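Student: Could you take a close look with me at one part of this model? I would like a connected account.

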Amino acid sequence: MAPVADRTVPELVAAARGGELRATARLLTFVERGGDLAEQVAEATHRHVGNAHVIGLTGPPGSGKSTLTAVWTIQLAEEGRRPAVLAVDPSSPLTGGAILGDRVRMAAATAAGVFIRSMATRGHAGGLALAVPGMVRVLDIAGFDPIIVETVGVGQVEVDVTAATDTAVVVVTPGMGDAVQANKAGLLEVADLFAVNKSDRPDAVDVRRDLELMLDLSKLTGHGRPDAVARPTIVSTVATTGRGVAELADAVDSHLEALLNAGLLEARREVRRRAEVRSHLEHLVLAASAAAVEAAFGAAADAAETADEPPGVTARRLAERLLTNPGS
Amino acid sequence: MADATPVRVVLAKLGLDGHDRGLKVVARMLRDGGMEVIYLGLRQTTSSIIDAVEQEDADVVGISMLNAGHLTLGPLMVDALADAGLDVPVVIGGIVPDEDLPTLAAAGVAGVLGPGSPAADVVACVRAAVAGRGR
């Protein structure tokens, strides 16, 4: 077998579909880097997807996401399923480097045959929103099911990534703050179900009560997810002992079933497709606007005019030029 | 400034050796050098490291040893990667006497970093190891 570096994208895709992990890993690298190869991978994979249940898992740092994922995926592997995890951690905005530590908590899952890929956010605007769907597609065509996308629920992009899945799980823990905090966090609104982790702590009952209250209010004001199939289930877990993890797995499976029965799965995937097109478009527009601004300040003819007008006026002038003459 | 595509490093303690403070410091140095560090932590085996290298499509492996096992475990790691068909260089960090350096180099270890190595040297050593691979 030729080394992965010597093979074309279609050859790698065929190998990945045949279960070759190294081919899958290299395709993930191509998608993560973006550019021509990423487009080739998208071209070669997008018609073959749709078999995997895509699950988003998010929550505050230290809430036990990785530990929970490890126990959960080991159970899935024991049931004969082929789970994969895409674990996203932030890059340093200063150096572009990152410490990706999720595997430390998931050593037993690796040993049980779970495929884990760590990914840094790599800072570039919207990069995560571009790369994650493409990487999920690669894992999908490679036969993994379910695919768990784990992110730290701190930024809007992470929340969006979680929302762009079939089933969004939000992990909360005791000591996170009271009901007011729960309402503040936009992250709670995307949840299809909640895991109250570390629920062996005495104040876990308070978290559950606050979540129930929040869900009651969402129902009253109609501010839940528009495509929700049911009121989100709340599952109590203790990841370190495995308590409640089987219930969480059941609740996640039930959610998929409910989506299918309600005919909402395809609708959700359609929304996801639109969001992805928009992410790509925004990426292109951002690049074009950065170039236009550089040109406006750089070219002698433009520079004098630019110096003489308010920034908003310059922007509108550039926007008109971009939209009527996209090549410039 | 950040690389267009950051170097991906798998960092681990190989074998029975519970001292990981050095490895954590190295993880920070490499992160600050713009690399993505896939941190495996304590008590890893050649096979758990190979699983990680394979799934993460890593460019280089860094193993830390403070237990005098480098002459056994260093070549073991290099050979295990080669046997698995993975063309990935190995850098060792830890307490390595000077007289062992030629043996490790002959065994295919791409670089050795001793105690007190400055961050710039650590980053340069890993970069040099990856540059030898070229992909």
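Student: In β3(B), which residue is the bridge partner of B:Lys13?

Tutor: Happy to walk you through this. The model is predicted, with local features needing pLDDT of at least 70, side-chain atom pairs counting only at pLDDT 80 or more, and totals for chains, interfaces and linings using all residues. Residues are numbered from 1 along each chain as its sequence is written, while chains are lettered from A and ligands numbered from 1 in the order in which they are written.

The partner of B:Lys13 in β3(B) is B:Ser64. Strands here are DSSP E runs of at least two residues and helices are H or I runs of at least four, numbered from the N terminus; two strands pair if DSSP finds at least two bridges between them. Strands β1 (residues 8-14) and β3 (residues 60-65) of chain B run parallel, joined by 5 bridges.

Both belong to an open sheet of 6 strands with parallel pairing, in the order β3(A)-β2(B)-β1(B)-β3(B)-β4(B)-β5(B). At its edges, β3 of chain A and β5 (111-113) of chain B each pair on one side only. Chain A joins in through β3(A), which pairs in the parallel sense with β2 (residues 36-44) of chain B over 3 bridges; there, A:Leu100 has B:Ile38 as its bridge partner in β2(B).

Helix α1 (residues 21-32) of chain B lies across β3 of chain A and β1, β2, β3 and β4 (90-94) of chain B, where contact means C-beta atoms, placed from the backbone, within 7 Å. This helix runs at about 175 degrees to β1(B); axes are lines fitted to C-alpha atoms, for helices over the stretch in contact, and angles run from 0 to 180 degrees between N-to-C directions.

Definitions and conventions. Contact = placed C-beta atoms within 7 Å.
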